[in-house]
Amino acid sequence: MNLEAFVLGCGGMMPLPYRHLTSVLLRREGDLFLFDGGEGTQVSLRRLNLKWKKINAIFVSHTHADHVTGLPGIMMLSSQVDRDEPLYIYGPPKIAEYIETSRKVLDMYINYPVIVKEITEPGIVHQGEDFYIRAFPLQHTKTCVGYTLEELPRPGEFKPERARELGVPVGPLWAKLQSGESVQASDGTTVTPDQVMGPSRSGRKVSYVTDTLYLPSIAKEVQGSDLLFCEGMFEKALQDTATEKKHMTAEQAAIIARDAKVKQMAMLHYSPRYTDKELKPLLDEAQAIFPNTVLSKDRMVFDIPYED
């Protein structure tokens with residue numbers, strides 16, 4: 001099952017001609033999950049040729065303008081096609097008021113259900129058969145949350161040779177064993193899944209953290225992520241500014257990645273004071289602590305494979 005992450009924007013505070021506001025889209029087979037959506041989010045969606053009208057759910061970190069002002073446009077344009085599936089929108093308190101007020105003031109035509117759920121405590125906010133998305137608290141100038149998408153463990157690999165040895169014929173009985181059911185072999189004995197299946201295999205985990213002070217607790221929440229999107233808004237020399245504005249430096253983001261033992265970190269939400277050419281000091285400071293750090297760029301695509 002494919003899992004991909006698309007960086008729709010990596011900037012903070014204000015859009016720049018070469019850098020849209022922070023937003024990430026995860027595509028997991030037919031499911032599309034959008035994390036934040038500032039103004040201009042639709043531009044990257046179109047340039048990446050993503051079927052954005054089929055977004056299943058939107059996860060908002062907080063209600064500052066650079067993270068939500070693109071949502072009304074996305075909602076309205078989704079009404080230009082036939083859609084029966086609901087659009088779920090999750091976020092901290094005030095997100096329901098923002099969505100409802102936008103719909104009323106803009107007199108939106110919406111031809112599908114919109115279900116807004118406010119997050120008031122940490123925990124699972126959205127789930128499917130074999131995955132869930134969990135929210136956890138951050139600390140910013142407004143109530144803010146981070147998110148992780150986590151897949152459930154997968155069954156172990158099926159061992160066809162072992163099934164044959166035990167007298168299970170090729171066909172539907174193999175499928176039953178792989179789905180966790182015991183079956184009868186040709187000689188009438190019972191064969192259980194653990195006799196023909198290897199150990200369970202881990203799923204994948206993607207985390208999204210932006211607009212927060214450094215908190216040691218974040219590392220616990222994003223522990224073991226295959227990919228961590230994390231803000232690194234300022235360089236170390238601007239630590240006082242970062243603390244005052246309740247943001248993180250690149251170095252602090254790297255500390256989280258290191259302590260959480262993530263596989264890769266993609267930094268984003270850069271201050272507009274940095275042009276793309278001036279981002280290298282942030283990368284250098286992060287890589288000194290966590291070498292497998294990359295600078296996100298608009299429309300960058302990450303493929304997230306299974307470990308085994």
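Is Cys10 buried or exposed, and what is its relative accessible area? Cys10 is buried, with a relative accessible area of 1%; here buried means under 20% relative accessible area, exposed over 50% and partly exposed in between, using a 1.4 Å probe and protein chains only.

A word on the ground rules. This is a predicted model, in which local features need pLDDT of at least 70 and side-chain atom pairs count only at pLDDT 80 or more, while totals for chains, interfaces and linings use all residues. Residues are numbered from 1 along each chain as its sequence is written, and side-chain values use heavy atoms, leaving out hydrogens and water.

Let's start with sulfur. With a disulfide taken as a pair of cysteine sulfur atoms within 2.5 Å, the count is zero. Cys10 is in no disulfide, its nearest cysteine sulfur being that of Cys230, 14 Å away. Cys144 is in none either, with the sulfur of Cys230 nearest at 11 Å; Cys144 is buried at 2% relative accessibility.

Now the rings. The whole structure holds 10 aromatic pairs, where rings of Phe, Tyr and Trp (its six-membered ring) pair if their centres lie within 6.5 Å, and planes under 30 degrees apart are stacked, over 60 edge-to-face and the rest tilted. Phe229 and Phe302 have ring centres 5.7 Å apart and planes at 85°, so they are edge-to-face. Phe229 is buried at 1%, and Phe302 is buried at 8%.
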